[in-house]
Amino acid sequence: MRCYANQLAGQLSKGLHPFYLVFGEEPFQEGNCVLTIRQVAKKQGFDETIKFALLPGFDWQEIIAQYNSMSLFSARTVIELDLNQQKPPTQGVNILKEIAANINPDVILIIKGAKAGQDIQRSAWFKALDKNGLFVPCYPLTGFHLEKWLDEECKRLKVNLKSDAKRSLLLATEGNLLATYQELEKLSLLYKDTLIDQQQVMGGLLNQAKFDIFDLNEGLLKGNPKYIIKVLNKLATDNIEPTSVAWTLQNQAQTLLNMKRALVQGQPIGQLFKQFNVWKNQQQPTQQALDRLPISQLENIIMLLGQFDSAYKSNALNAPFQGLAHIALSFCQPVTFSMPYSDDNNQLGGVY
């Protein structure tokens, strides 16, 4: 059954499903949906969470062993499986179909991944899980839907923004829901129920170093390694959350990959600029990036981001910004050495 992200809370209030398929290109919504499912499940006794990520060497037998484990001497469990932008191999397909056919009432399985196109939705494993589960697509928000999301978050956080302040906030954060949400949280603390105007919003934006994260896009598109390192050093110095930087890299890489594939299929660039909401002032550098980056390199960047996400969540990265620099520089040219997984120095200057 399909359920959009803004409908999930209502569906969860009616009861839990054994399977949740959370797919999409908008990581903030995806993360929120998974968190909401976990929180509701915990209130109903699912106290343990086990996470898996589809990386090279992944053992599918581990996930079915965990799924079939008895709960007599253990907590009821939520299992999260991150497909890391990939499709399950033959072994994974068979195991997921087996899980779908033998529901364990003491386990909830959450599978998250990239946008689920018709090929995914028509696959045997997806349909088997969807039969007794909930499919939650998380689409990038634009136009009316983005404005509606902002209005809902303002209402929930009790932030009272004037119309011009809303427009300025959305313009500055360029559709990044995480950055928008963080700014709303700050405004809720600063101004409570006071009516907030454009000047107050922009003043806060200009003073927040986290919005330097959007400057990173310029370096990525133009393939400017010195500028990329300069921006990343600033973000690291200001203790910006590495996952926010990773979101920017992921969003940019996935957009370029989708556009590149569409170009290969013969779609005109002007149509793609409109389809992917590329602003006029970003069209030239976007064209530069499309000309410079082959599909294989963009796919490798996305693979590296999957590895980074898994390593970061498992605390295998002592210096996350080193790993982010490695991935960001891959937008300029292929990086021939492996991603750093341990370094006591979290500064980037002089490393590359």
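**Exercise 1. Which residues of β1 are buried on one side and which on the other?**

This is a predicted model; local features need pLDDT of at least 70, side-chain atom pairs count only at pLDDT 80 or more, and totals for chains, interfaces and linings use all residues. Residues are numbered from 1 along each chain as its sequence is written, and side-chain values use heavy atoms, with hydrogens and water left out.

Solution. 
- Step 1. Locate the strand. β1 spans residues 19-24. Helices (H or I, at least four residues) and strands (E, at least two) are DSSP runs, numbered from the N terminus.
- Step 2. Count. In β1, 6 of 6 residues are buried. Buried means under 20% relative accessible area, exposed over 50%, partly exposed in between (1.4 Å probe, protein chains only).
- Step 3. Recall the rule. Side chains in a regular strand alternate between the two faces of the sheet.
- Step 4. Sort. Phe19, Leu21 and Phe23 lie on one side. Tyr20, Val22 and Gly24 lie on the other. Both faces of β1 are covered.

**Exercise 2. Describe the surroundings of Thr180.**

Solution. 
- Step 1. Thr180 has a relative accessible area of 1%, so it is buried.
- Step 2. List contacts (heavy atoms within 4.5 Å). Leaving aside neighbours within four places in sequence, Thr180 touches Trp149, Leu150, Leu169, Leu170 and Thr173.
- Step 3. Look at α8 (residues 163-173). Its buried residues include Leu169, Leu170 and Thr173. Glu174 follows α8, with a positive phi near 50 degrees.

**Exercise 3. How do the axes of α13 and α17 cross, and which residues make the contact?**

Solution. 
- Step 1. Read the geometry. The axes of α13 (residues 242-264) and α17 (residues 320-329) come within 10 Å and cross at roughly 10 degrees. Axes are lines fitted to C-alpha atoms, for helices over the stretch in contact, and angles run from 0 to 180 degrees between N-to-C directions.
- Step 2. Classify. α13 is therefore roughly parallel to α17, a class for angles under 35 degrees.
- Step 3. Name the residues. α13 gives Pro242, Val245, Ala246 and Leu249; α17 gives Pro320, Phe321, Leu324, Ile327 and Ala328.

Notes:
Angles under 35 degrees count as roughly parallel, over 145 as roughly antiparallel, 65 to 115 as roughly perpendicular and the rest as oblique.
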